[in-house]
Amino acid sequence: MDTDSPFECRWGILATGWIATVFTKDLLLPPRARGVSDITHTVAAAASSSSLSRAQEFLSSVNAPATAVAYDSYTALVTDPRVDVVYVATPHSHHFANCLLALQAEKHVVCEKPFTVNASQLEILIRVARGKKRFLMEAVWTRFFPLAREVGRIVREGTIGEVRRVNAELNLCQHPEVTYADGNHRMVNPDLAGGALLDLGLYPLTWVFMTLYHTLPPFEKPTSAPAVIGTISRFEATGVDAENVVVLTFPRSIGVASSGIRVASDPQTAIRICGTKGEIQVQHPAYRPESYTLIKDGEATRKEFPIPGGGHGMFWEADEAARAIRDGKLECNECPVEESLLLMKAMDKVRLDNGFRYPEAIEKTDY
Ligand SMILES: NC(=O)c1ccc[n+]([C@@H]2O[C@H](COP(=O)([O-])OP(=O)(O)OC[C@H]3O[C@@H](n4cnc5c(N)ncnc54)[C@H](OP(=O)(O)O)[C@@H]3O)[C@@H](O)[C@H]2O)c1
């Protein structure tokens, strides 16, 4: 084998909705446009649960290679031997079953956020993936942005002193009664595990974990999960949460993560990472950060991170997943399953304390 040739990662796309389209288009952009030469991606197949024609339309809409195969079932996709890794892009409610299907077919898995409906489901996925020695990752693309890596480095280097508090938020400024009038959309549909916490809250929570947990050296990592309290307000029409605030207490720091469907966002500051010598503010939106401001010694310095190559910014997570798979790793350093699990447990706690449970059909673990 030519060791200088890039590793080709062959993806199977499970579902054909909005994010599957965005991700797959990013996947097919030339890696060199973002300075990557050690790996390439190809789409080997895509599957729709609704019809073969939907899968065919999907492949043509993303300009997939002519060799890509369209399937009318997820089972057919995960059994295709030309697929190395399955990207799961169904609604939250379906992630657990779809990931299990792919893992049991011996595929590596990258699953859209939130990983599952609850932590018990995720624990099962982790156990199955480890047992089968398959790569498993939640597709929290934000963690792979160059900006997020740089902010992590600044925090680690102590430039803003010791980070004692992080405030992070993500809001949509929508009128759910109008935007989601029939209540069917996955944002507000309890049958699809809708609501602000699981859909949006994951991002502010991710910033809290990235800056207060992920940046710590292993010997300083707390041995127990952070204490979590949270409160929610409901979207009356369907009963899911419309707004929430979550407070996480770590041994030496506090994180406050909030998200909402209705309220507006401050365009200037989505995240405040507050240290003893200064702070970093990341501009909105929390999920797709393209600029931050470092405030120190009375000066504010802003730095921009435009996304290269005409993409959406989802290729970085795909690149790291491909490298991990190439190197035989079972998870990714930037987005370890242990942190996904801690975050899932935090969301479980908030829902439990607020009496917010989804229908049993999607909370259950006995698929
Ligand atoms: N990373 C991000 O920034 C980001 C952004 C948006 C969404 N997401 C995540 O991606 C996932 C999908 O979101 P989306 O906006 O792409 O949703 P979407 O447009 O509604 O697409 C979901 C797809 O899942 C499949 N599906 C299977 N069973 C379904 C069911 N019972 N109801 C609806 N769809 C079903 C459908 O494809 P087939 O019929 O072809 O199988 C559908 O097109 C969610 O977990 C969401 O949180 C992530």
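Loops, domains and bridges

Reply: P285 is found in the loop between β12 (278-282) and β13 (291-296). The model is predicted: local features need pLDDT of at least 70, side-chain atom pairs count only at pLDDT 80 or more, and totals for chains, interfaces and linings use all residues. Residues are numbered from 1 along each chain as its sequence is written, and side-chain values use heavy atoms, leaving out hydrogens and water.

Me: What kind of peptide bond runs from H284 to P285?
Reply: The bond from H284 to P285 is cis, with omega near 0°. Another cis bond joins K113 and P114, where omega is about -20°. P114 is in the loop between β5 (108-111) and α5. Most peptide bonds are trans, and most residues other than glycine have a negative phi.

Me: How is the protein chain divided into domains?
Reply: Domain 1 spans 7-139, and domain 2 spans 146-304 + 338-363. These bounds come from an automatic or database domain assignment. The centres of the two domains, taken over C-alpha atoms, are 26 Å apart.

Me: How do you know that domain 1 and domain 2 are in contact?
Reply: Contact requires heavy atoms within 4.5 Å. By that rule, 16 residues of domain 1 are in contact with 18 residues of domain 2.

Me: What is buried between domain 1 and domain 2?
Reply: The two bury about 1500 Å² between them, 61% of it on carbon and sulfur atoms. In domain 1, H92, K113 and V117 lose the most area to domain 2, together 35% of what that side buries. Buried area is the accessible area (1.4 Å probe) that two parts lose on being put together, summed over both.

Me: Why is the pair of K345 and E123 called a salt bridge?
Reply: The rule asks for a side-chain nitrogen of Lys or Arg within 4 Å of a carboxyl oxygen of Asp or Glu. The closest N and O atoms of K345 and E123 are 3.6 Å apart, so the pair qualifies. Across the interface of domain 1 and domain 2 the rule finds two salt bridges.

Me: Which elements give two or more residues to the side of domain 1 that touches domain 2?
Reply: They are α4 (92-104) and α5 (119-132). α5 supplies the largest share, five residues.

Me: How many salt bridges does the structure hold, and what does the one between D319 and R34 tie together?
Reply: The structure holds 31 salt bridges. In the pair of D319 and R34, the closest N and O atoms are 2.8 Å apart. D319 lies in helix α9 (residues 315-326) and R34 in the loop between α1 (18-27) and β2 (39-47), so the pair ties together parts that are 285 residues apart in sequence.

Notes: Helices (H or I, at least four residues) and strands (E, at least two) are DSSP runs, numbered from the N terminus.
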